[in-house]
Amino acid sequence: MAEPEVSSAEASGGGRLRNAFGVVLCAFTLLLIGVLAFSIRLFSVIKYESVIHEFDPYFNFRVTQFLSKNGIYEFWNWFDDRTWYPLGRVIGGTVYPGLTLTAGTIWWLVNSLNIPLSVETVCVFTAPIFSANASWATYLLTKEAKGTGAGLMAAAILAMVPSYISRSVAGSYDNEAVAIFALIFTFYLYVKTLNTGSLFYATLNALSYFYMVCSWGGYTFIINLIPMHVLLCIVTGRYSSRLYIAYAPLVILGTLLAALVPVVGFNAVMTSEHFASFLVFIILHVVALVYYIKGLLTPRLFKVAMTLVISVGLAVCFAVVAVLVALVASSPTKGWSGRSLSLLDPTYASKYIPIIASVSEHQPPTWPSYFMDINVLAFLIPAGIISCFLPLSDASSFMVLYLVTAVYFSGVMVRLMLVLAPAACILSGIALSEVFGVLTQSIKFQVSKLFDDSSAAASASGDGSPESSANTTKSENRNEKSETAPKEKPSKKNRKKEKEVAECAPVKPKKEKRLLVLPFELSVMGILLLIVLGGFYVVHCVWAAAEAYSAPSIVLTSRSRDGLHVFDDFREAYAWLSHNTDVDDKVASWWDYGYQTTAMANRTVIVDNNTWNNTHIATVGTAMSSPEKAAWEIFNSLDVKYVLVVFGGLVGYPSDDINKFLWMVRIGGGVFPHIKEPDYLRDGQYRVDAQATPTMLNCLMYKLCYYRFVETDGKGFDRVRGYEIGKKHFKLTHFEEVFTTHHWMVRIYKLKPQKNRVRGKLKKLKSSAKTSATLAAGRKKNPWQ
């Protein structure tokens with residue numbers, strides 16, 4: 001009797017050792033995934049330098065500098081007079097502070113440990129650090145849905161997916177750098193609360209949602225997706241107390257915390273983006289009341305109570321809906337923001353708000369962009385959806401709903417490919433985990449069967465005694481009896497017993513086991529194909545990180561026969577502004593370059609990338625679209641001293657102001673009706689050659705970009721547009737060129753001073769004297785006087 005106890009103790013000890021080894025291996029794998037997520041985003045620093053990328057990150061960097069220098073209280077009360085002159089901007093009340101506070105906290109912790117890092121260095125590496133956190137959050141979320149293997153696979157895929165790399169390379173200091181981690185972690189805590197029904201995780205979920213609200217305006221995706229899932233669970237009959245605990249604290253605590261963020265404030269309860277959460281909150285309580293009453297009353301009384309509850313519930317719902325409709329109807333945009341309306345109606349921005357439609361990242365994506373950003377994951381997603389339905393749980397249904405909504409929104413706006421990336425990685429990880437599980441189980445089964453057959457053959461050849469033969473004959477006789485036994489007519493009692501045994505017998509696992517076992521050769525080939533597929537994915541991701549998404553827009557490069565050419569014109573122009581203009585001088589440019597001008601040149605700008613005042617931007621667009629004299633009058637009224645334009649016709653830079661000019665016309669014409677787009681088009685075509693319209697050839701933007709351009713090659717050939725310009729030789733009357741960068745990419749002009757008014761007054765006095773003299777002479781010659 002002691003031997004079985006020892007063997008069971010050994011087995012339990014072996015199981016514990018195996019589990020401990022699995023935990024250590026899982027932790028080590030997650031550490032490697034974090035290192036991979038961080039290191040693959042460092043190509044921009046290795047190939048170029050540690051520099052902030054794009055346009056918006058420069059504003060975030062400037063705000064972080066102010067926070068680290070002046071403190072949190074000064075940050076909340078900061079009025080920035082260097083932007084949107086002469087209006088200014090209240091920074092603390094118009095910015096999502098999550099990214100800034102996160103980077104500022106990291107800088108404070110690092111410097112408190114006597115590690116001397118600059119604010120810029122912390123800002124550059126914030127996105128790679130949080131990409132590792134996002135990978136670990138993806139592991140936790142997928143593990144709650146489909147287990148550890150799927151979680152590790154999804155985390156490894158997310159660490160390399162190009163769609164996420166495009167917004168999280170070193171130097172990409174934008175809100176999405178920390179917001180994607182907050183998004184995934186909020187979803188994990190919601191699913192964790194669904195699985196456990198713990199109030200602790202529900203409270204953490206509300207806090208994570210608060211961090212998401214602080215970080216990015218895309219928090220409205222969370223507060224609409226989770227209510228959709230709750231409503232789906234209620235409709236499909238999957239209501240439980242765990243669902244109530246997962247949702248109710250999120251709405252109450254999350255909304256109260258969101259209202260504490262100054263940029264959100266009462267919008268958390270007053271805008272249409274949040275109304276769905278409140279409506280589902282009411283429905284959830286009605287359903288909870290129904291289930292509670294059902295447990296207390298008899299079926300007959302329950303029917304009576306149901307009619308009462310439904311009637312009262314419908315009355316309350318109608319009242320709430322009426323209030324919401326009244327609030328929505330009182331708003332000209334029906335309570336929705338412009339970006340939200342453009343998501344619901346993709347044509348809304350192009351019709352009514354051209355400032356939103358003019359942003360390139362707000363355009364719908366093309367099919368190649370899907371292959372570029374998620375690559376082979378597009379083919380694995382359907383398999384992941386099927387795996388989520390086998391079996392279907394609350395967590396897996398949430399994954400499918402997340403994917404469906406993310407696919408729709410990414411199809412409307414290319415920027416939201418970033419939201420699709422985690423869903424695609426999770427479902428692809430689930431699919432790969434399931435496929436690898438089936439193939440490895442098949443190989444294991446085939447190998448064990450092979451060893452069993454060989455051992456059985458060896459034992460049969462070794463045991464040739466009459467006792468063994470007798471035993472085999474007895475077992476054969478038993479099998480024959482068991483096979484012939486069902487042919488006999490059983491009694492009623494035996495029939496009932498057999499029926500119960502048949503119902504209770506675990507037949508399904510045997511069938512599933514047979515279905516999941518594949519041939520050995522096919523299993524090996526499947527694993528090899530998946531490894532090759534993964535290799536292609538890794539190569540594509542490394543190429544995207546190294547070549548496609550690592551170049552900062554502030555520094556451009558190109559390769560030719562002569563080698564690598566670096567175009568550093570932007571920083572050259574901003575350095576000239578910083579060293580050759582007065583501190584109080586105002587610089588006018590298109591809004592794309594406002595953040596960079598303020599951060600790098602430290603000069604006051606008229607408009608910037610915040611785009612909160614459409615009229616102010618339309619004023620600048622009207623000035624650029626007007627003739628030189630009218631434009632000078634507009635800029636002079638705004639106290640502008642310098643005008644900056646970006647021109648790529650010499651080096652072939654396509655994102656210049658000439659290509660953006662039609663958006664300036666549309667935005668300006670939306671406020672000032674005398675600016676009409678057809679006046680700048682020839683037969684519906686936008687041209688700058690000899691076929692261009694006179695309005696186009698005489699507008700300020702054309703003159704500032706093409707002034708002296710013919711001197712570069714004698715012809716004035718524009719490499720971006722692909723033809724010679726129409727008006728080559730002209731002079732500027734109200735502006736003077738003060739600086740042009742080495743490659744002609746940035747050109748800066750100064751407004752000429754107004755003519756001396758004293759001379760004008762003397763001329764008027766002389767002319768008035770002449771006219772009076774002529775009138776007097778005429779009077780003398782009049783015979784009737």
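A residue counts as buried when its relative accessible area is under 20%. With that in mind, welcome to this predicted model. Its protein chain has 785 residues, and 45% of them count as buried. The secondary structure comes to 36 helices and 11 strands.

**The chain as a whole**
- Among contacts in the protein chain between residues at least 6 apart in sequence, 72% link residues at least 24 apart.
- The chain exposes about 40600 Å², and carbon and sulfur atoms supply 64% of that area.

**Inside the nonpolar core**
- The largest nonpolar core holds 179 residues, and the members touching the most others are F187, F570, F635, Y706 and F735.
- Leaving aside residues up to four places away in sequence, F187 touches L141, F221, I222, L225, I226, F398 and Y402.

**Salt bridges**
- The count of salt bridges comes to 22.
- One of these pairs is K192 with E144, whose closest N and O atoms are 3.1 Å apart. K192 sits in helix α10 (residues 176-196) and E144 in helix α7 (residues 119-146), so the pair ties together parts that are 48 residues apart in sequence. Both K192 and E144 are buried.
- E49 and R571 form another salt bridge, with 2.8 Å between the closest N and O atoms. Because E49 is in the loop between α2 (43-47) and α3 (56-70) while R571 is in helix α28 (residues 569-580), this pair ties together parts 522 residues apart in sequence.
- E49 is partly exposed at 35% relative accessibility, and R571 is partly exposed at 23%.
- R571 also forms a salt bridge with D568, where the closest N and O atoms are 3.0 Å apart. D568 is partly exposed, with a relative accessible area of 27%.
- Salt bridges that share partners also join R167, D174, E176 and R415 into one network.

**A nonpolar patch on the surface**
- V447, F451, F520, V524, M525, L528 and I531 form a nonpolar patch on the surface, and together they have about 630 Å² of accessible area.
- Helices α23 (417-462) and α27 (520-548) each supply at least two residues of the patch, and α27 gives the most, with five.
- F451 belongs to helix α23. Its relative accessible area is 56%, so F451 counts as exposed.

**A strand pair**
- Strands β3 (residues 556-560) and β4 (residues 563-567) run antiparallel and are joined by five bridges.
- A hairpin of two residues connects β3 to β4, and R559 stands opposite L564 in β4.

Terms used:
Residues numbered from 1 in each chain as written. Predicted model: local features only at pLDDT ≥ 70, side-chain atom pairs only at ≥ 80, totals over all residues. Heavy atoms only, no water. Patch = residues over 30% accessible without salt bridge, like charges linked within 9 Å, V, L, I, M, F, W, Y side chains within 5 Å. Areas by Shrake-Rupley, 256 points an atom, 1.4 Å probe, with all protein chains shown as cover. Salt bridge = Lys/Arg side-chain N within 4 Å of Asp/Glu carboxyl O. Helix = DSSP H or I, 4+ residues; strand = E, 2+ residues; numbered from the N terminus. Buried < 20%, exposed > 50% of the residue type's maximum accessible area, 1.4 Å probe, protein only. Pairing = 2+ DSSP bridges. Core = buried A, V, L, I, M, F, W, Y, C linked by side-chain atoms within 4.5 Å. Contact = heavy atoms within 4.5 Å.
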